[in-house]
Amino acid sequence: MLLVALGKVNSSVVFRLGVLGAMATDLFAARIEPHELKPKHVGLMVVLDAGTASSQLEVAGVMGVAPSLVVALADHLQKLGAIERVRDPADRRRQVLSLTEHGRELLAACGELAQSTDAEFTAGLTASESAVLTGLLDRLAARQGLPSAADDRK
């Protein structure tokens, strides 16, 4: 009986985090949809805001997505006036992306929506439990080379 329980998918951390992540993503997506954004649009703006990448190819690497997806995301964000594309004078094949003032305002609004979504999603946790969860997620994220929540507060 124990071997059956150990082999169940629904008891694995990765499966449970995946399901909860999908639910959290859907909740966040619904909140940002009035801004004509999807979570990956916000992800691209976060990368640009962090200064970890500026070219479409670099952004694709940081986000772990295909360069063609970054092009599509950037097209949409450019139409919204959230980013600018400029040809790199040193390499005409390279397009450098940057947030506009409107993009920074949009990202700030998404940050507020993320915080309110967090509060709703974790409403069943105490403040202490929420802090523990954040710390554990930071440790897991660090092992994957991702930034921590503390990095956002800097």
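This is a predicted model: local features need pLDDT of at least 70, side-chain atom pairs count only at pLDDT 80 or more; totals for chains, interfaces and linings use all residues.
**View A. His 76 sits in helix H5.** Is this residue buried, exposed or partly exposed? His 76 has a relative accessibility of 25%, so it counts as partly exposed. Setting aside residues up to four places away in sequence, His 76 touches Glu 36 and His 41. For a sense of scale, find Pro 147 too: it is 71 residues from His 76 along the chain, and the C-alpha atoms of the two are separated by 25 Å.

**View B. The largest nonpolar core has 24 residues.** Which members touch the most others? They are Leu 37, Leu 44, Met 45, Val 59 and Leu 97. Several elements each supply at least two residues of this core: helices H2 (13-32), H3 (39-50), H4 (56-63), H5 (67-79) and H6 (101-121), together with strand E2 (91-99). The largest share comes from H3, with five residues. As background, nonpolar side chains in soluble globular proteins tend to be buried together.

**View C. Leu 97 and its contacts beyond its sequence neighbours.** You have met Leu 44 and Val 59 already: like Leu 97, they are among the core residues that touch the most other members.

**View D. Ser 55 lies in the loop between H3 and H4.** Not counting residues up to four places away in sequence, Ser 55 touches Arg 94, Gln 95 and Val 96.

**View E. Helices H2 and H6 pack at an angle of about 135°.** Their axes are 10 Å apart. How do the two helices lie relative to each other? H2 and H6 are oblique, because an angle over 145 degrees would be needed to count as roughly antiparallel and 65 to 115 is the roughly perpendicular range. H2 passes H6 in a right-handed crossing. On the H2 side, the contact is made by Leu 20, Met 23, Ala 24, Leu 27, Phe 28, Arg 31 and Ile 32. Facing them from H6 are Cys 110, Leu 113, Ala 114, Ser 116, Thr 117, Glu 120 and Phe 121. Sorted by class, this contact has ten nonpolar, two polar and two charged residues.

Note on methods
Residues are numbered from 1 along each chain as its sequence is written. Side-chain values use heavy atoms; hydrogens and water are left out. A nonpolar core is a set of buried Ala, Val, Leu, Ile, Met, Phe, Trp, Tyr and Cys residues joined through side-chain atoms within 4.5 Å. Buried means under 20% relative accessible area, exposed over 50%, partly exposed in between (1.4 Å probe, protein chains only). Helices (H or I, at least four residues) and strands (E, at least two) are DSSP runs, numbered from the N terminus. Contact means heavy atoms within 4.5 Å. Axes are lines fitted to C-alpha atoms, for helices over the stretch in contact, and angles run from 0 to 180 degrees between N-to-C directions. Angles under 35 degrees count as roughly parallel, over 145 as roughly antiparallel, 65 to 115 as roughly perpendicular and the rest as oblique. A crossing is left-handed if the near helix is turned anticlockwise from the far one by less than a right angle, and right-handed if clockwise. Ala, Val, Leu, Ile, Met, Phe, Trp, Tyr, Cys and Pro count as nonpolar, Asp, Glu, Lys and Arg as charged, and the others, Gly among them, as polar.
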